[in-house]
Amino acid sequence: MPRPLQDQTLPGWFSNPVRLAVGLVLALHLSSCREETRVERATREKILLLGNGAEPKALDPHLVSSVGDSNILRALFEGLVTYHPENDSLNEPGVAERWESNADFSEWRFYLRDDARWSNGDPVTAQDFVYSYQRILHPEMGSPYASMLYFLKNAEAFNRGDLKDFAEVGVKAEGERVLVCTLVGPAPFFPDVVKHTSWLPVHRGTIEKFGKMTDPYTPWQKPGNHVSNGAFMLTDWRINAHVKVRKNPHYWDAANVKPNGIDFLPLESPFTEEKAFRNGLIHLSYSMPESLIGEYKALPDSPLHIETYAGSYFYRCNVTKKPTDNADFRRALAYAIDREVIVKYVTLGGQTPATAFTPPSEGGYQPPKVISFDPAKAREYLRKAGYASGAEVPEFTILINTLESHRNIAMAIQDMWKKNLGIEKVKIENQEWKVFQQTTQDLNYDVSRAGWIGDYVDPNTFLGIWVTGDSNNYTGWSNPDYDRLMRESSHLSDPAARYAKLAEAETVLMDGMPILPLYWYTRVYLLHPDVRNWHPLLLDNHPYKHIDLIPSGEGGSL
Amino acid sequence: MSTPYSSSSGEKGSSLGRDAWLRLKKNRLALASLGFIVLVIVACFLVPLLPGIPDPNATHPDLQFLGAGSSARSMEGRDVFYLFGSDQLGRDIFSRVLYGGRVSLTVGFLATFVSLTIGVVYGAFSGYVGGRTDVVMMRVVDILYALPFIVIVIILSTYVSAMEDWKPVKFLNELFGSSLWLLFVCIGAVEWLTMSRIVRGQVLSLKRQEFIDAARSLGLSQTRILFRHLIPNTLGPVIVYTTLTVPAVMRLEAILSFLGLGVQPPDASWGSLIKEGADLMASDPGLLVYPAIIFGATLFSLNFLGDGLRDALDPKSSKD
Amino acid sequence: MDSLRYLLSRLAQSVFALFCIITLTFFLARLAPGGPFLDEKKIPEHLVEQMKRNYGFDKPLPLQYVRYLGLLLQGDLGPSFGNKGFTVNEVIAEGFPVSFVLGICGLAIALAIGIPVGVMAAARRNTALDYSLMALAMLGICLPTFVIAPLLGEIFALKLGWFDVALWENSSAWILGAVTLGLYYSAYIARLTRGSMLDVLNQDFIRTARAKGVPPLTILFKHAFRGGVSPVVAFLGPALAGLISGSFVVESVFGLPGLGQHFIKAVTNRDYWLINGTVTVLATLILTMNFLVDILQAWLDPRTRANR
């Protein structure tokens with residue numbers, strides 16, 4: 001049972017001799033921990049305790065790609081533009097105090113503030129940004145997120161090694177304070193893009209103190225060496241235990257940074273994390289076990305939060321391999337999945353059944369309504385694919401990474417395919433995250449579980465990955481019409497016309513069905529009421545400096 | 001589990017075996033345990049063949065987390081009865097426990113049998129021959145001991161998945177319906193170490209005792225002394241250790257499931273069911289309680305049966 | 001003099017065993033399919049080649065092995081591929097104390113509970129006390145650690161609030177972890193103690209002592225105990241190994257940053273040097289333990305010593 005209310009009554013020591021004995025042994029320990037939970041103390045000291053999923057891979061903005069890692073980087077670094085605490089579509093000035101573009105949004109000028117400082121006191125200059133973009137785009141760096149910078153003119157050619165001279169890439173420093181970005185085409189949403197971790201600057205002197213520009217994972221990212229320009233600086237990193245960041249005294253807006261620090265705790269199991277929250281060990285959880293959502297919902301003043309999240313959960317199909325190389329077969333699989341049942345009974349977090357890939361955004365892009373649950377149509381497609389019955393379908397495997405919720409979804413879908421199509425031979429295979437990634441990237445799978453979270457608020461962040469040759473495609477699918485429509489959309493600056501073009505592209509994507517969309521995400525997490533100024537965000541990229549910690553009640557109850 | 005002992009005690013001549021059986025018959029607890037084990041084996045292997053037992057992997061997500069003994073109609077209009085209740089996907093826990101039992105019992109018994117055979121022969125030989133051979137053989141055991149088990153199994157499993165198209169591997173996969181056989185081969189191949197040490201220790205103590213000297217002076221052959229006199233006399237500790245090995249093996253299987261290396265979903269073993277149930281123990285205790293009770297009761301029975309056999313086979317205990 | 005020679009030869013054997021384990025693990029890990037250059041996104045081929053060169057993986061395997069041994073002798077366990085930017089030495093230096101504390105405290109708890117329970121059950125053989133103690137011990141063995149651990153957490157941390165339910169730094173969750181491990185092994189030890197005590201109590205010299213009218217407690221503790229705990233002592237080595245490497249479940253349930261977690265991840269990530277490093281450290285620990293156990297056993301039961 002979730003018991004967010006801490007039992008405040010002292011145990012009746014003397015009611016039971018065993019208890020008395022245990023009690024005596026622990027008396028000292030108890031007297032120290034009974035008074036104040038860890039969260040209460042942290043609130044008093046204004047240290048935010050965050051559950052953060054897995055252990056970070058790196059604290060270098062040019063090497064990370066996971067959500068948890070980018071949370072830490074958002075605390076340590078600040079980009080040209082930063083996130084608004086209440087609305088991800090709004091842009092807050094970061095290192096740049098203002099910016100402007102030419103008429104067709106293809107050239108942007110960022111004016112850097114005078115007082116931006118690194119955590120060692122050095123000024124943050126336009127050259128730092130140019131250096132950083134050269135580093136992330138350098139082919140020898142092999143950065144996982146280099147393609148985010150392909151907005152810049154010639155960036156792609158430089159990253160692929162076709163262009164050797166970085167001076168030809170569309171980023172220039174004009175003096176120390178002005179950064180000019182020349183783009184491949186119009187991008188009215190460009191300030192949204194530069195908020196992403198891949199656009200964060202690194203400190204040249206520190207990088208080169210520990211190696212070449214392109215040496216990854218040098219000791220520069222360790223506590224004591226690490227230099228950053230954000231509201232916080234790194235003070236401690238212990239593997240599998242914590243990453244601690246504390247207020248950066250040199251930060252230009254240090255006076256307005258509310259928390260004194262943040263402890264990022266890698267609690268990988270959702271069950272452990274939920275217990276840690278109930279036990280008063282963390283302010284905020286990264287995840288939430290599905291099976292406990294119902295009970296948390298029933299609580300008065302529940303710490304459970306369910307918010308719209310710009311993400312899509314789907315299955316990739318390997319179109320280079322039987323039986324998923326057949327589009328009709330993939331359509332049969334897609335129409336045989338009852339997505340309502342999955343969100344209502346399996347994921348339980350108020351997710352929306354997907355009708356296409358890109359999640360809809362309020363007042364913005366609306367994806368086409370293509371997929372639905374239609375067993376009759378599914379069976380028809382199965383026949384079209386050349387199978388008189390599901391029993392004829394050769395064995396294939398759903399590949400998942402090890403996590404309870406992925407497994408439950410896979411087992412439900414496996415049974416739906418059995419019930420609705422008669423397919424008997426579907427296996428499920430668990431793999432650890434990195435191995436799973438490798439198998440998927442090598443196209444060594446049949447059907448593989450996937451999730452995609454928007455990097456910025458625009459459908460382009462979703463649809464862009466299905467273009468031929470994109471580093472996140474991993475299905476082997478390629479369609480010239482799709483590529484053409486996507487290219488055409490990038491030359492349109494009128495939002496309505498652009499969205500229409502993108503919707504057209506998405507219809508082509510859904511017709512080819514290299515992926516089986518399942519649902520659109522929600523963020524489901526537990527939040528302690530001491531945490532103030534925390535607002536629902538579509539991308540969940542909270543700028544930590546605004547978050548305040550104020551004791552919420554007497555006696556420290558949750 | 002009783003097979004290895006009864007066969008080796010059978011070798012000793014019918015009178016001792018019959019004596020042992022008579023003594024065992026007097027031990028009601030052991031007999032009841034034997035009965036229970038037979039019952040569980042029959043239930044797990046035969047009951048699922050009966051009509052009306054639901055498919056353990058059939059989901060009814062709208063009927064999730066129902067209590068024991070509830071019957072319901074799914075949205076597809078099917079009537080379902082849940083003897084032990086349903087899990088998070090509306091699957092029948094009773095049926096899953098039965099099918100899970102097949103996996104756990106198979107792994108438990110086969111792996112224990114593998115370890116028993118290797119361990120007893122190896123340990124007895126080492127202890128009996130003694131000298132340099134003993135030292136070398138025990139050092140080999142030491143070396144294997146110091147290899148953390150989990151690593152071997154995980155590394156071996158990576159080899160096996162790469163060898164899936166290799167004929168013998170394919171054959172075994174098809175025979176057992178999955179790569180489950182790897183589990184008990186690996187577990188069995190590791191678990192024999194302790195067994196061999198215990199047997200060796202016993203043999204070392206025993207071979208200095210009078211009756212062995214007597215056998216030797218009577219001119220009995222080495223093999224005969226080893227198999228007829230030494231090994232049977234190590235049975236006490238071996239039985240005790242075997243009763244510890246079966247649950248240990250079943251538990252190891254569960255840990256491997258915990259690591260995602262055991263049975264693959266949607267199939268289950270008792271270990272994986274208990275693991276899933278343990279996560280949900282606070283909200284839905286039924287998921288933990290039923291598999292845990294049956295798992296526990298089976299292991300209890302194995303244990304009491306082992307103790308009963310020990311008393312029955314130990315000729316000295318009858319003089320007490 | 002004799003015992004010194006015995007000690008030295010045992011020591012030499014242990015070192016040889018360690019060498020064999022290191023060699024076996026090196027080749028077992030290096031020859032496993034798959035490679036360590038995994039990432040969330042595909043690493044470009046030229047970078048993989050470059051990394052292989054950096055780590056010397058382009059050289060023939062025997063050469064790599066010799067090089068690895070050379071570094072090992074200098075105490076350098078190599079870089080970790082799974083925790084990039086950290087050396088295996090750093091990873092182990094952080095993880096080992098956690099596992100060690102869990103293991104040693106678990107072992108202490110196991111012995112403190114297991115031996116008295118086993119002796120008590122043996123002394124009161126076939127009584128209600130014996131049956132209930134053994135049933136309890138069996139319960140401890142039946143319940144997997146991943147049931148006991150969350151159960152203890154649910155009761156002692158969440159319901160009673162006596163302990164923390166997770167984390168390592170400034171947290172009391174490790175106590176629950178050690179208790180979980182200890183309870184499990186105490187059940188083993190209790191059963192083992194009872195069994196061997198009964199064996200000893202059935203032997204002729206005990207009968208003789210009993211016939212001579214030696215008080216039962218004296219028989220139990222003075223005559224039978226030494227022989228009775230001998231198998232328990234033999235079990236200590238593997239028990240500690242199991243405690244430390246098997247603490248993975250406990251570490252994962254209580255979110256403790258021990259070696260167990262690194263170990264499993266190292267294997268799945270093909271983090272070669274971390275696999276070898278952790279195996280080397282654990283094997284050293286286990287061999288040391290076995291060495292001590294052998295000496296202790298020779299002292300407890302002189303008959304085994306005579307045979308060497």
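Q: At roughly what angle do the axes of helix 10 (residues 327-335) and helix 12 (residues 375-384) of chain A cross?
A: This is a predicted model, where local features need pLDDT of at least 70, side-chain atom pairs count only at pLDDT 80 or more, and totals for chains, interfaces and linings use all residues. Residues are numbered from 1 along each chain as its sequence is written, while chains are lettered from A and ligands numbered from 1 in the order in which they are written. Helices (H or I, at least four residues) and strands (E, at least two) are DSSP runs numbered from the N terminus. The axes of helix 10 and helix 12 of chain A (lines fitted to C-alpha atoms, for helices over the stretch in contact, with angles from 0 to 180 degrees between N-to-C directions) come within 8 Å and cross at roughly 160°.

Q: Is helix 10 of chain A roughly parallel or roughly antiparallel to helix 12 of chain A?
A: Angles under 35 degrees count as roughly parallel, over 145 as roughly antiparallel, 65 to 115 as roughly perpendicular and the rest as oblique. The crossing at roughly 160° therefore makes the two helices of chain A roughly antiparallel.

Q: How many nonpolar residues lie in the contact of helix 10 of chain A with helix 12 of chain A?
A: D328(A), R331(A), A332(A) and Y335(A) of helix 10 meet K377(A), A378(A), Y381(A), L382(A) and K384(A) of helix 12; contact means C-beta atoms, placed from the backbone, within 7 Å. Ala, Val, Leu, Ile, Met, Phe, Trp, Tyr, Cys and Pro count as nonpolar, Asp, Glu, Lys and Arg as charged, and the others, Gly among them, as polar. The contact holds four charged residues, no polar ones, and a nonpolar group of five.

Q: Which strands are the edge strands of the open sheet in chain A?
A: This sheet has four antiparallel strands in the order 4-5-7-6; strands pair if DSSP finds at least two bridges between them. Each edge strand pairs on one side only, and the two are strand 4 (96-101) and strand 6 (171-174) of chain A.

Q: Which residue stands opposite W108(A) in strand 7 of chain A?
A: Strand 5 (residues 107-112) and strand 7 (residues 178-182) of chain A run antiparallel and are joined by five bridges. In strand 7 of chain A, the residue opposite W108(A) is C181(A).

Q: Which helix gives the largest share of the side of chain B that touches chain C?
A: In this interface, 47 residues of chain B are in contact with 44 residues of chain C. Several helices of chain B give two or more residues, including helix 5 (131-145) and helix 8 (180-207). The largest share, nine residues, comes from helix 11 of chain B.

Q: Which helix gives the most to the side of chain C that touches chain A?
A: Here 36 residues of chain C are in contact with 39 residues of chain A. Helix 4 (88-123) and helix 12 (259-268) of chain C are among those that each supply at least two residues. With four residues, the one that gives the most is helix 6 of chain C.

Q: Is Y68(C) buried or exposed?
A: Chain C has 14 helices and zero strands, and Y68(C) is found in helix 3 (residues 61-73). A residue is buried if 20 or more other C-beta atoms, placed from the backbone, lie within 10 Å of its own, exposed if 12 or fewer, and partly exposed in between. Because Y68(C) has 21 other C-beta atoms within 10 Å, it is buried.

How values were computed
Contact = placed C-beta atoms within 7 Å.
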